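This briefing covers one protein model.

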Amino acid sequence: MKGHKKFLALSHIVLIIVSVLAILPFWLLIMASFTDESTAVNSGYRLIPKKWSLDAYRYLIEKWVLFGRGYLITFFVTVVGVIVCVLITLMFAYMLSKRDLPLRRFFNFYVIFTMLFNGGLVATYIMYSNTFHIKNTLFALILPNLLTNAFYITMVRNYFQNNIPEELLEAARIDGANEYRVFFTLVMPLSKPIIATLGLLVGVTYWNDWQNGMYYLDNAKLYGIQNILNAINENTKYLMQGGGTGTVMPSETVRMAAAMLGIIPILVIYPFFQDYFVKGITMGAVKG
């Protein structure tokens, strides 16, 4: 009993330390965004700013046309990408969960094969640019590499196999329901944990994606929020394109303030999905 209490105490200490280390970068980011520009340049960033300032946020408000457009594009791409990805993944995984499916081993191998090999960046770029002609369109932020992947399909397939009784689905078929009705009226309502988990994973991926924009977009007006932040991080003069505002840009702290704008939506949404996320990952990780 005494050893068990010591183990619990040690576990709590370790978890507290890990939690503090996880929160500390976010806290430093927040404080840096409220730090006076000259103080940040001369003294660096601190956990508590030596001199407070809202100049970075004032500047971003002046440039809200740029950031507002980026937010709208990212929001649209994320919503469309999540809906399409969830539908594709659920339907494909539902098919693979059927043990009597003809060529089931071939389809499973086809899915797993994509985890080991891919066409490579150059071939993928040429295919999307010259064959599908998505360059400089919003499809460039939705299609390449993000719609689904083998991990998502395997996770959802395992959930279907281990948490949805086949007898329930067979009873619906006996009552006259076809596969589409079984899937949409029975399987999907019973799959809320894995749908929420999948939606959160895909949503975070789409929201944080900047590579597709870097590869396939030359038109800055199609940039999502992450591409705008990346451009600012590489060159803060990007904000001055299209004419100045008559004010001096706080180049160091504006990076931090812009990064804050990028992570706020995820920080707000995640707590509402946390329970589903843990449950879905646990259930979907069981070997099928």
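The largest pocket has a volume of about 870 Å³. The model is a predicted one, in which local features need pLDDT of at least 70, side-chain atom pairs count only at pLDDT 80 or more, and totals for chains, interfaces and linings use all residues. Residues are numbered from 1 along each chain as its sequence is written, and side-chain values use heavy atoms, with hydrogens and water left out.

**Largest pocket**

- On a 1 Å grid over the protein atoms alone, a pocket is an open set of points with protein on both sides within 12 Å along at least five of seven lines, while a cavity is a set of points where a 1.4 Å probe fits but cannot get out; lining residues have an atom within 4 Å of a point.
- Grid points are joined across faces, edges and corners, and a volume is the space filled by probe spheres set on the points.
- The lining of the largest pocket comprises 29 residues, of which Thr-114, Tyr-128, Asn-145, Leu-146 and Thr-148 are the closest to the pocket centre.
- At least two lining residues come from each of α4, α5 (104–116), α6 (121–131), α7 and α11 (211–216), and α5 supplies the largest share, 5 residues.
- Helices here are DSSP runs (H or I, at least four residues), as are strands (E, at least two), numbered from the N terminus.
- By class, the pocket lining divides into 19 nonpolar, 9 polar and 1 charged residues.
- In this classification Ala, Val, Leu, Ile, Met, Phe, Trp, Tyr, Cys and Pro count as nonpolar, Asp, Glu, Lys and Arg as charged, and the others, Gly among them, as polar.

**Largest cavity**

- The whole structure has 1 cavity of 30 Å³ or more, and about 80 Å³ of space lies in the largest cavity.
- Its lining consists of Thr-74, Val-77, Leu-141, Tyr-206, Trp-207, Asp-209, Gly-224, Ile-225, Gln-226 and Asn-227.
- Two or more of these lining residues come from each of α4 (64–96), α10 (192–208) and α12 (225–234), with α12 giving the most, 3 residues.
- The cavity lining has 5 nonpolar, 4 polar and 1 charged residues.

**Fold and core**

- The protein has 13 helices and 0 strands.
- Of its 288 residues, 39% count as buried (under 20% relative accessible area; exposed is over 50% and partly exposed is in between, with a 1.4 Å probe and protein chains only).
- Among contacts (heavy atoms within 4.5 Å) with a separation of 6 or more, 73% join residues 24 or more positions apart.
- The largest nonpolar core has 58 residues, and Phe-67, Leu-90, Phe-160 and Val-187 have the most contacts inside it.
- Two or more core residues come from each of α3 (55–62), α4, α7 (150–163), α8 (166–174), α9 (179–187), α10, α12 and α13 (251–284), and α4 gives the most, with 12 residues.
- A nonpolar core is a set of buried Ala, Val, Leu, Ile, Met, Phe, Trp, Tyr and Cys residues joined through side-chain atoms within 4.5 Å.
- Leaving aside neighbours within four places in sequence, Phe-160 is in contact with Leu-90, Ala-93, Tyr-94, Ser-97, Val-187 and Ser-191.

**Residues at and beside the cavity lining**

- Asn-227 is found in α12 and is buried, with a relative accessible area of 6%.
- The Asn-227 side chain reaches the backbone oxygen of Trp-210 at 2.8 Å.
- Beyond neighbours within four places in sequence, Asn-227 is in contact with Leu-141, Asp-209, Trp-210, Gly-213 and Met-214.
- Thr-78 lies in α4 and counts as buried at 12% relative accessibility.
- A polar atom of the Thr-78 side chain lies 2.7 Å from the backbone oxygen of Thr-74.
- With neighbours within four places in sequence left aside, Thr-78 is in contact with Gly-203, Tyr-206 and Trp-207.

- Ser-33 lies in α1 (residues 2–33) and is buried, with a relative accessible area of 1%.
- The side chain of Ser-33 reaches the backbone oxygen of Ile-30 at 2.6 Å.
- Setting aside neighbours within four places in sequence, the contacts of Ser-33 include Ser-53, Tyr-57, Thr-253 and Met-256.
- Met-256, in α13, is partly exposed at a relative accessible area of 21%.

Notes: Polar contact = N/O pair within 3.5 Å; in protein donor to acceptor, adjacent residues only side chain to side chain.
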